[in-house]
Amino acid sequence: MDEGLCSRCLRSVLATLLMVSLVACSTMRPLQTVSPAAIHETVTVGDTVEVLHVNGRWFRFKVLELSETEIVGGGQRISLDRIEALHVKEVSAAKTAGSVVAVVGSLAALSVYLLQRALHSLDEGGES
């Protein structure tokens, strides 16, 4: 196998696996009871939310402010009593850890494979 090609292939695979491992696994968790009290118990500034307004429009934004009466973010200022449904983005530590383990395992397997190929190439080169 061409050493330059092998090196480029390894770098591409490593870069791809690194990007995959940096992506946290997340889901949007719906709030079971939508009320100002439930929103204040669940949502904090910095959370990403999806809000269904009573007019039927969905808004997705990062919460910049949460007052007694409004939620603010993404250029929106929505009264808490005008929210029909609300979903909060949750990062799953278990899924993220599983993803990291899979990436590390893949890297180990790829390294062993490439090392075996390199050693096999050296053996073939020495016998000629």
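This is a predicted model: local features need pLDDT of at least 70, side-chain atom pairs count only at pLDDT 80 or more; totals for chains, interfaces and linings use all residues.
Residues are numbered from 1 along each chain as its sequence is written, and side-chain values use heavy atoms, with hydrogens and water left out. Local features need pLDDT of at least 70 and side-chain atom pairs count only at pLDDT 80 or more, while totals for chains, interfaces and linings use all residues.

The chain holds three helices and seven strands. Helices (H or I, at least four residues) and strands (E, at least two) are DSSP runs, numbered from the N terminus. Along the sequence, the pattern reads α-β-α-β-β-β-β-β-β-α. The chain has 128 residues, and 26% of them are buried. Buried means under 20% relative accessible area, exposed over 50%, and partly exposed in between (1.4 Å probe, protein chains only). The accessible surface comes to about 8,500 Å². Carbon and sulfur atoms account for 58% of that surface. Areas come from the Shrake-Rupley method with a 1.4 Å probe; for residues, only the protein chains shown count as cover. Contact means heavy atoms within 4.5 Å. Among contacts between residues at least 6 apart in sequence, 55% join residues at least 24 apart.

Four strands form an open sheet. Their order is E1-E7-E2-E3, and the pairing is antiparallel. Two strands pair if DSSP finds at least two bridges between them. Strand E1 (26–30) and strand E3 (58–62) are the edge strands, and each pairs on one side only. The twist averages 25° from one strand to the next. Axes for such angles are lines fitted to C-alpha atoms, for helices over the stretch in contact, and angles run from 0 to 180 degrees between N-to-C directions. Strand E2 (residues 48–53) runs antiparallel to E3, and five bridges join the two. Arg60 in E3 is the bridge partner of Glu50.

Three residues separate E4 from E5 in their hairpin. Here Leu66 stands opposite Ile71. Val72 has Arg77 in E6 as its bridge partner. The hairpin of E5 and E6 has two residues between the strands, and Gly74 takes a positive phi near 55° there.

The largest nonpolar core has 16 residues. A nonpolar core is a set of buried Ala, Val, Leu, Ile, Met, Phe, Trp, Tyr and Cys residues joined through side-chain atoms within 4.5 Å. Ile39, Val43, Val49, Phe61, Ile71, Ile83 and Leu86 touch the most other members. Helix H2 (36–42), E2, E3 and strand E7 (83–91) each give two or more residues to this core. E7 gives the most, with three. Beyond its neighbours within four places in sequence, Val49 contacts Met28, Val43, Phe59, Arg60, Phe61, Val63, Ile71, Leu86, His87 and Val88.

Two salt bridges were counted. A salt bridge is a side-chain nitrogen of Lys or Arg within 4 Å of a carboxyl oxygen of Asp or Glu. Glu50 forms one with Arg60, with the closest N and O atoms 2.8 Å apart. This pair links strand E2 to strand E3, and its residues are ten apart. Arg77 and Glu70 form a salt bridge at 3.0 Å, N to O. Arg77 counts as exposed because its relative accessibility is 51%. Glu70, at 23%, counts as partly exposed.
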